[in-house]
Amino acid sequence: MSHTLHPSSPRSDMDEIETLARAPAPSSQAAVSIVPAARPASPPRASIPITSSALPPAAKLPFSSAPPGSASAAVSGAIVSVSVPIGSGGFGGPEPAAAANTLTEPVWDTVKRDLHRVVSNLKLVVFPNPFREDAGKALRDWDLWGPFFFIVSLGLILSWSATTEKSQVFAVAFAVLAAGAIVLTLNVLLLGGHIIFFQSLSLLGYCLFPLDVGALICMLKDSVVLKIVVVTVTLAWSSWAAYPFMSAAVNPRRKALALYPVFLMYISVGCLIIAVD
């Protein structure tokens, strides 16, 4: 129900306004209006807690410029730093000192370092020491200068001891020792031995040192009885030096197969020392 004001009405505007104000309110049925249903409430969303606390100054992420060998892990909002020493050979050992530059060092320094290594390996292999019980601790810093020197020395001593065909004696001795060491090393590897090829060559070459000493004594004293005694002692010495390392490299059930060729080569060298006249 609407009321409009007509300017042509004889009543004044104020009377019409007063009449409209006194008119009764419309019924509730006519005032009912259709209101759309309210939108159902959405389920609560998971919120991500945000903290304004900054990381402590000492904390470093794994990909930050932290020194090698350190690791960082965040546990329950706390930073836990774990230091893991990493050596050049793997985990668990201290970082070794930087290797010396051998290209620019004087020749005499190189010679002294190699001689020191040869003497150190000779003590580990030939002479009694506590490291002989643990083959893994001996000859870690193996080299081939010492074996080469002992093989050449034995060939030269035998050639000097011979009265004729010195060059042939040296060639035979050198070939037997060099080829024998290679064959014995291959034999150990084929038996499943846990040893490096050149490390085995180094070991067998250092074990020739007692036979070198015996050949030198036999060259100075030309006596058959003395030769037999000296060769027997030095042969036992060389066998004793090679036994712990070669036996530890193979399975205990194959120990005899690995040691028998070694003893056979040393016996052959001993017989050659006695036979040279």
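# Briefing: salt bridges, surface and helices

Glu-105 and Arg-113 join their side chains in a salt bridge, with N and O 2.6 Å apart. The model is a predicted one. Its chain has 277 residues, 29% of them buried. Eight helices and four strands make up the fold elements.

**Salt bridges**

- The structure contains two salt bridges.
- Lys-112 is partly exposed, at 42% relative accessible area. Asp-109 is also partly exposed, at 32%.

**Nonpolar surface patch**

- Which residues form a nonpolar patch on the surface? They are Val-107, Trp-108, Val-111 and Leu-115.
- Together these four residues have about 430 Å² of accessible area.
- Val-107 belongs to helix α2, which covers residues 107-125.
- Val-107 is exposed, with a relative accessible area of 66%. It is classed this way because the value is over 50%.

**Backbone at Glu-165**

- Glu-165 is not a glycine, yet its phi is positive, at about 50 degrees.
- Most residues other than glycine have a negative phi.
- Where is Glu-165 placed? It lies in the loop between α3 (145-161) and α4 (166-190).
- Glu-165 is exposed, at 52% relative accessibility.

**Cysteines**

- How many disulfides does a search of the whole structure find? It finds zero.
- A disulfide is a covalent bond between the sulfur atoms of two cysteines.
- Cys-207 is buried, at 0% relative accessibility.
- Cys-271 is partly exposed, with a relative accessible area of 46%.

**Chain layout and contacts**

- Read from the N terminus, the elements run α-β-β-β-β-α-α-α-α-α-α-α.
- Among contacts with a separation of 6 or more, 61% link residues 24 or more positions apart.
- The accessible surface of the chain comes to about 19100 Å². Carbon and sulfur atoms account for 67% of that surface.

**Annotated segments**

- An unreviewed UniProt entry lists residues 144-162, 169-190, 196-217, 224-245 and 257-276 under "transmembrane region".
- In the model, residues 224-245 are 100% helix and 0% strand. The C-alpha atoms at the ends of this stretch are 32 Å apart.
- Residues 257-276 are 95% helix and 0% strand. Here the end C-alpha atoms are 30 Å apart.

Technical notes. Residues numbered from 1 in each chain as written. Predicted model: local features only at pLDDT ≥ 70, side-chain atom pairs only at ≥ 80, totals over all residues. Heavy atoms only, no water. Patch = residues over 30% accessible without salt bridge, like charges linked within 9 Å, V, L, I, M, F, W, Y side chains within 5 Å. Areas by Shrake-Rupley, 256 points an atom, 1.4 Å probe, with all protein chains shown as cover. Helix = DSSP H or I, 4+ residues; strand = E, 2+ residues; numbered from the N terminus. Buried < 20%, exposed > 50% of the residue type's maximum accessible area, 1.4 Å probe, protein only. Disulfide = S-S within 2.5 Å. Contact = heavy atoms within 4.5 Å. UniProt positions renumbered as here; feature names shortened; annotations may be inferred.
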